[in-house]
Amino acid sequence: MTKTGQQHLASIRDDRSIYIDGAKVEDVTTHRAFRNVAQSVAGLFDFAGDASRRDLMTFETETGDRANRIWQLPTSYADLVERRRALEAWTAIHGGFLGRAPDHVASCISGMRMGLPVFEGYDPARAAALEAYYRYARDNDLYLTYVIINPQADRSKNAAEQADPFLTAGVVDRDAEGITIRGAKMLATGGVVANEVFVTTIQPMQPGEERYAVSFAIPMNTKGLKMLSRKSYEAQAGSIFDNPLASRYDENDAVLFFDDVKVPWDRVFIDGSVEMCQKQFHATPAHVYQNYQAMIRLKVKLQFLMGIAHRTTQTNGITQFPQVREILGQLAAEAAMVDAFVNAMEAKGAQAGPYFVPDRHMLYSAQVLTQQMYPKILNSLRELAGGGMIMLPSSIADFANPEIAAMIEKTQQSPAANAHDRVKFYKLAWDAVGSEFGSRHHQYEMFYAGATFVTKGHSFRTYDWGKAGGIVQSMLDSYDLDTKSAS
């Protein structure tokens with residue numbers, strides 16, 4: 001059954017080990033670095049569980065109970081579209097700024113569940129563990145994050161070749177109860193407010209790295225698991241008015257340290273197989289399904305940014321300028337392209353056993369192009385705003401001083417908004433585009449799917465070169481040396 005926001009907040013008051021600014025966090029739901037994003041996530045669960053949205057946000061499981069659509073395994077095109085509409089509604093709440101909201105890793109685990117025969121071919125016991133975990137996570141409406149990247153360290157060496165063999169999280173022991181993990185993984189985006197973490201490696205591995213070839217899921221409060229948080233943009237935000245996005249949607253990123261963490265066998269999905277670590281993503285629908293969700297999120301986020309662009313021109317009274325309309329037209333085309341890609345992924349989807357999954361090449365094409373496009377969109381927003389996003393009152397406190405407020409009223413003029421509304425809008429625009437929070441999202445959208453050579457490699461591997469070559473060959477076959485010219 002779906003859970004309430006309060007139930008989620010209660011579930012993460014579990015004595016997890018989070019460290020920030022030199023100290024351990026006592027309660028993530030009240031700490032000034034995390035309390036607002038915790039409330040934002042709670043709001044997502046309240047939205048999904050609202051009885052008026054029962055059909056939109058939940059589906060009926062094989063037991064007859066209702067579950068959050070983030071866990072749905074679509075068996076038809078209609079199912080896929082229905083689930084997408086739920087994800088769009090959820091994403092609109094945060095404008096796409098929660099990149100690792102609960103629907104992302106749920107999509108990953110669901111995609112692996114759709115590819116269960118691949119796990120069964122590897123090890124029936126591990127496949128049974130995965131199937132049981134999918135049901136457990138679904139039925140308890142868990143919020144999962146994941147860590148699937150190794151610490152950067154010396155990038156010229158693989159995990160086994162590093163000076164410290166346990167820099168990267170790997171197996172240090174096995175016994176009848178399970179495996180013991182030692183080392184680090186990154187980036188646990190959203191981990192501070194998630195229930196559990198899925199741990200594995202998406203990077204290609206080589207023979208000799210079997211120690212690191214694992215796949216498992218554990219609660220965030222597991223003994224020996226420690227989170228080292230980056231700087232909190234929420235803590236630096238000051239007020240919601242001054243930083244409306246950073247103050248509420250800083251999902252955070254963290255390095256996870258595994259200090260001899262015991263993982264029971266019923267939570268282990270892969271143990272020691274370099275080959276299977278790649279198969280879990282690419283021989284199942286997992287990689288496509290999780291990144292299809294990410295593209296739905298980006299689609300909604302770009303709609304939000306289009307709203308910022310148009311409101312900027314209205315605020316400045318420049319919407320009718322031909323050169324401004326040219327910029328808006330380009331932005332509109334780019335946002336529509338992502339919308340079209342999402343629809344194409346669905347329309348060109350195919351059956352994978354009993355399940356209907358999005359088209360791989362449409363997804364990878366979208367990733368390649370949006371990695372290039374997002375920075376261009378931000379630059380266009382800056383161009384439209386000029387100095388409007390910079391020359392703003394220092395903080396909400398300025399409005400409380402009558403003398404300063406009078407100067408704000410005089411200098412923050414707009415043909416479309418009063419001084420208060422103009423400042424409020426441009427504070428939002430700056431937080432999305434130019435603040436430290438906005439800069440983090442710039443970096444995130446460029447690299448969450450992997451380096452550009454990785455996404456381009458996926459596009460290369462999944463394109464139908466045979467069909468393209470066949471058209472060329474057909475044309476070549478239509479003439480030769482002895483072909484007569486048209487008279």
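What you have open is a predicted model, so local features need pLDDT of at least 70 and side-chain atom pairs count only at pLDDT 80 or more, while totals for chains, interfaces and linings use all residues. Residues are numbered from 1 along each chain as its sequence is written, and side-chain values use heavy atoms, with hydrogens and water left out.

**Stop 1: the whole chain.** Along its principal axes, the C-alpha trace spans about 90 × 70 × 55 Å. Switch to a surface and you are looking at about 21,100 Å² of accessible area, 54% of it from carbon and sulfur atoms (Shrake-Rupley, 1.4 Å probe; for residues, only the protein chains shown count as cover). Of the 487 residues, 55% count as buried, meaning under 20% relative accessible area; exposed is over 50%, and partly exposed is in between.

**Stop 2: the six-stranded sheet.** Go to cartoon view: there are 18 helices and 14 strands. These are DSSP runs numbered from the N terminus, helices (H or I) of at least four residues and strands (E) of at least two. Now select E2, E1, E10, E11, E7 and E6, which form an open, mixed sheet in that order; two strands pair if DSSP finds at least two bridges between them. E2 (23-24) and E6 (170-174) are the edges, each with a single partner strand, so one side of each has no neighbour in the sheet.

**Stop 3: a nonpolar patch.** Finish by selecting Val-472, Met-475, Leu-476 and Tyr-479, which make a nonpolar surface patch of about 410 Å². Patch residues have over 30% relative accessible area and no salt bridge, with like charges joined within 9 Å and nonpolar side chains (Val, Leu, Ile, Met, Phe, Trp, Tyr) within 5 Å; a salt bridge puts a side-chain nitrogen of Lys or Arg within 4 Å of a carboxyl oxygen of Asp or Glu. Zoom in on Leu-476, in helix H18 (465-477): it is partly exposed, at 41% relative accessible area.

Definitions and conventions: Buried means under 20% relative accessible area, exposed over 50%, partly exposed in between (1.4 Å probe, protein chains only).
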